[in-house]
There are 2 protein chains.
Amino acid sequence: MVHALIFDVFGTCVDWRTSVARDVAQHIPQVNALDFADAWRAEYDPAMARIREGQRGYIALDNLHRENLDRICERFGVTLPDPESLNRAWERLDPWPDVVRGLQALKRKAMIAPCSNGSIALMTHLARYGGLPWDCILGAEIAQAYKPSPAVYMASCAALQLPPHEVMMVAAHNSDLAGARAVGLKTAFVPRPTEHGPGQILDLEPTEAWDLIATDFLDLARQLT
Amino acid sequence: MVHALIFDVFGTCVDWRTSVARDVAQHIPQVNALDFADAWRAEYDPAMARIREGQRGYIALDNLHRENLDRICERFGVTLPDPESLNRAWERLDPWPDVVRGLQALKRKAMIAPCSNGSIALMTHLARYGGLPWDCILGAEIAQAYKPSPAVYMASCAALQLPPHEVMMVAAHNSDLAGARAVGLKTAFVPRPTEHGPGQILDLEPTEAWDLIATDFLDLARQLT
């Protein structure tokens with residue numbers, strides 16, 4: 001019996017690529033906005049890796065995004081008068097079309113919470129921007145660690161006071177589900193085949209027999225009935 | 001400018017006394033349910049004090065409630081077949097009549113979150129039971145400390161990534177507001193003159209010149225316009 005569903009957010013709930021590109025186009029009209037967004041996002045995993053591997057203490061993702069923005073601006077030959085304003089693009093990401101209605105339906109069946117690498121503040125801004133009806137906010141900040149470190153999934157279950165087998169991780173990324181399954185959570189795969197644009201090659205299909213595989217959050221709600 | 005409102009919950013948002021007494025009456029019909037609820041709640045502060053003073057590490061309030069229940073059952077000469085079921089009375093506390101509509105109005109003006117001594121799980125259950133539309137859940141658990149320790153207010157501001165003077169603590173208890181003011185938060189007093197029943201003598205009036213004093217959450221929303 002699943003009593004709580006916890007969700008990856010960037011890519012799984014929200015379309016970060018076209019949303020960030022929209023803000024980039026406003027701030028830096030002279031660059032290709034999608035290329036800039038892709039380059040910015042590509043710095044995400046290496047920045048977290050240094051924390052996962054213990055070379056650096058936990059720092060909120062907002063700050064990593066900000067550091068990465070400086071690096072990408074230099075690469076694109078851009079000087080921003082107010083980089084903090086563009087950094088807040090990550091607080092204004094559009095949910096995929098099924099997400100709000102899907103979460104509303106799922107919330108009637110179980111507790112729902114993000115289990116993202118984003119900070120509590122970032123998740124709060126995203127929820128207010130997109131109308132995501134979370135019951136609480138879990139994830140990296142309460143664990144002071146980054147997914148797929150086991151601590152993040154385990155801290156989220158501990159905060160819910162539930163054993164891992166009563167919690168289901170929902171993600172569009174096979175690696176995230178593998179991290180959750182490794183510590184005993186149930187898993188649901190919801191593909192987002194355009195997260196990385198039309199040329200996406202990763203995560204188009206489930207790579208393991210996850211507990212549930214759904215076409216979107218509304219389908220997931222139907223399957224949980 | 002206040003960007004977030006954080007709330008005491010037990011007494012300020014919810015009527016714990018009559019709600020707990022209702023569950024006590026169902027589980028232990030032979031005792032005076034309000035007396036039992038009062039006795040149970042009277043153990044709350046001493047239990048937290050041992051943690052505040054460093055005699056014991058942080059333990060979630062759910063567990064302190066459970067320990068206190070055993071003590072009170074012994075005092076009342078009661079043996080419960082399923083004490084955990086009665087302990088969950090704290091997850092089913094009715095909001096005061098103005099709270100849900102008041103929080104909806106306040107949420108349109110600022111971020112709203114509980115800053116309670118209750119755990120993330122307990123706050124999540126209460127929000128789902130009462131329809132409290134929190135943006136996120138802050139308070140004791142993210143600080144691993146109990147109010148009025150400064151760490152609880154400061155950890156809540158830090159999680160919001162806001163300086164204390166942009167955050168307002170809302171409470172029916174003067175001591176809670178004093179704790180928040182001591183570390184730089186704005187303060188709002190909303191009296192709940194029947195929290196402790198008809199004979200209440202504490203917290204009927206503000207004891208300091210708090211930044212706002214409101215009759216209820218709807219009045220607070222009006223004053224924040």
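Which strands of chain B does helix H10 (residues 174–182) lie across? Helix H10 of chain B lies across strand E4 (167–171) and strand E5 (186–189), running at about 165° to E4(B). Axes here are lines fitted to C-alpha atoms, for helices over the stretch in contact, and angles run from 0 to 180 degrees between N-to-C directions. Keep in mind that this is a predicted model: local features need pLDDT of at least 70, side-chain atom pairs count only at pLDDT 80 or more, and totals for chains, interfaces and linings use all residues. Residues are numbered from 1 along each chain as its sequence is written, while chains are lettered from A and ligands numbered from 1 in the order in which they are written.

**The sheet in chain B**
- Six strands form an open sheet in the order E3-E2-E1-E4-E5-E6, with parallel pairing (strands pair if DSSP finds at least two bridges between them).
- Strand E3 (138–139) and strand E6 (212–213) of chain B sit at the edges with a single partner strand each, so one side of each has no neighbour in the sheet.
- Strand E1 (residues 4–7) of chain B is joined to strand E2 (residues 111–116) by four bridges, and Phe7(B) stands opposite Pro114(B) in E2(B).
- Helices (H or I, at least four residues) and strands (E, at least two) are DSSP runs, numbered from the N terminus.

**Where the chains meet**
- 16 residues of chain A are in contact with 16 residues of chain B (C-beta atoms, placed from the backbone, within 7 Å).
- H7(A) gives the most to the side of chain A that touches chain B, with six residues.
- 100% of the interface residues of chain A are also interface residues in chain B, so the copies meet through the same surface.

**How the copies are related**
- A rotation of 180° with 0.0 Å of shift along its axis puts chain A on chain B (RMSD 0.0 Å), superposed by least squares on the C-alpha atoms of residues with pLDDT of at least 70 in both.
- That's the relation of a two-fold axis.
- Among the residues of chain A, Cys136(A) comes closest to the rotation axis, at 2.7 Å (C-alpha).

**A look at Glu43(A)**
- You'll find Glu43(A) in the loop between helix H2 (33–42) and helix H3 (44–52) of chain A.
- Glu43(A) is partly exposed, with 17 other C-beta atoms within 10 Å (20 or more would be buried, 12 or fewer exposed, and partly exposed is in between).
- Leaving out residues up to four places away in sequence, Glu43(A) touches Asn68(A), Arg71(A) and Ile72(A).

Notes:
Contact = placed C-beta atoms within 7 Å.
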